[in-house]
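Dear colleague,

Please find the structure for your study below.

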Amino acid sequence: MKPNRTPNHHMLVAEVEENEQKKVIGVISLNISPIPRMRHSGSIGIMVHKDYQGEGIGKALFSKIIDLADNWLKLMRLELTVFVDNEKAIKILT
């Protein structure tokens, strides 16, 4: 099945190798609005496998996606929606 991505959608993954097999343990995506007047902003989504949370994987993914947004895509605004009770997600941003 072919991914349904566009030039406005970017995704990075974090992997580990266990028993000589690669395993995806984290994913971050950046979606840029296709609306011309909103092209300066992007929306971020992130997931880290429960067994690997608290090891800096989320921070590393954020670092890479912010580098992409700032230095390659020249975005001016990034948005992330976080539930108020998701302490781990809030901590990653501080």
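Which residue in β2 does M11 stand opposite? M11 stands opposite S29. Before the details, please note that this is a predicted model, in which local features need pLDDT of at least 70, side-chain atom pairs count only at pLDDT 80 or more, and totals for chains, interfaces and linings use all residues. Residues are numbered from 1 along each chain as its sequence is written, and side-chain values use heavy atoms, with hydrogens and water left out.

The sheet

Helices (H or I, at least four residues) and strands (E, at least two) are DSSP runs, numbered from the N terminus. Two strands pair if DSSP finds at least two bridges between them. The model has an open sheet of 4 strands in the order β1-β2-β3-β4, with mixed pairing. Its edge strands are β1 and β4, each pairing on one side only. From one strand to the next, the twist averages 25°; axes are lines fitted to C-alpha atoms, for helices over the stretch in contact, and angles run from 0 to 180 degrees between N-to-C directions.

Strand β1 (residues 9-18) runs antiparallel to strand β2 (residues 21-32), and 10 bridges join them. Strand β3 (residues 41-48) is also antiparallel to β2, with 7 bridges. S29 stands opposite G45 in β3.

Two loops

β1 and β2 form a hairpin with 2 residues between them, and N19 in the turn has a positive phi of about 55°. E20, in the loop between β1 and β2, has a positive phi near 60°. K74, in the loop between α1 (57-72) and β4 (77-80), has a positive phi near 55°. Most residues other than glycine have a negative phi. Buried means under 20% relative accessible area, exposed over 50%, and partly exposed in between (1.4 Å probe, protein chains only). E20 counts as exposed because its relative accessibility is 73%, and K74 counts as exposed because its value is 56%.

Helix α1 lies across β1, β2, β3 and β4, at about 40° to β2. Contact means heavy atoms within 4.5 Å. Leaving aside neighbours within four places in sequence, I44 is in contact with I28, S29, L30, F62, I65, L78, E79 and L80.

Yours sincerely
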